[in-house]
Amino acid sequence: MLDENLQPIVKSIEEVSDDQREIVKRFKIEMENFVIERTLDSCIKTLNSSMQLANVREQLLDIYKQYISILESELKKALKENQK
C-alpha cells in the first residue's frame, strides 16, 4: 500500500527535480550574460528564469509535503499496530 502511494510522488519528485536542474543551468548562463551585457533583454531573460525556478521549487515543496503526509500517516498506523 505504501509503495503504491509513494511511486507517483517519487516519479513527480524526479521529474520536477530534473526540470529544476535544467532551469538552474539556464539561469546561470543567463546571469553570466546579464553581468557581461547589462541589457534590458538579458535582464528580462534572467528574471524569467528566476521566476521559473521559484515556480518549480514551489511545486517541489508541495510534492514533498504530500510525501511527508503519506509517510507520517503510515508511521502513525505502524505505531498504533505496535501498541496493540
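These legends describe views of one predicted protein chain. In this predicted model, local features need pLDDT of at least 70 and side-chain atom pairs count only at pLDDT 80 or more, while totals for chains, interfaces and linings use all residues. Residues are numbered from 1 along each chain as its sequence is written, and side-chain values use heavy atoms, with hydrogens and water left out.

**View 1. Overall form of the protein chain.** The protein chain holds two helices and zero strands (DSSP runs numbered from the N terminus; helices are H or I of at least four residues, strands E of at least two). Its C-alpha trace spans about 70 × 15 × 15 Å along the principal axes.

View 2. Of the contacts with a separation of 6 or more, 72% join residues 24 or more positions apart (contact means heavy atoms within 4.5 Å). Buried residues are 20% of the 84 (buried is under 20% relative accessible area, exposed over 50%, partly exposed in between, with a 1.4 Å probe and protein chains only).

**View 3. Ile44 in helix H2.** Ile44 sits in helix H2, which covers residues 40-83. Ile44 counts as partly exposed because its relative accessibility is 48%. Lys25 is 19 residues from Ile44 in sequence, and their C-alpha atoms are 16 Å apart in space.
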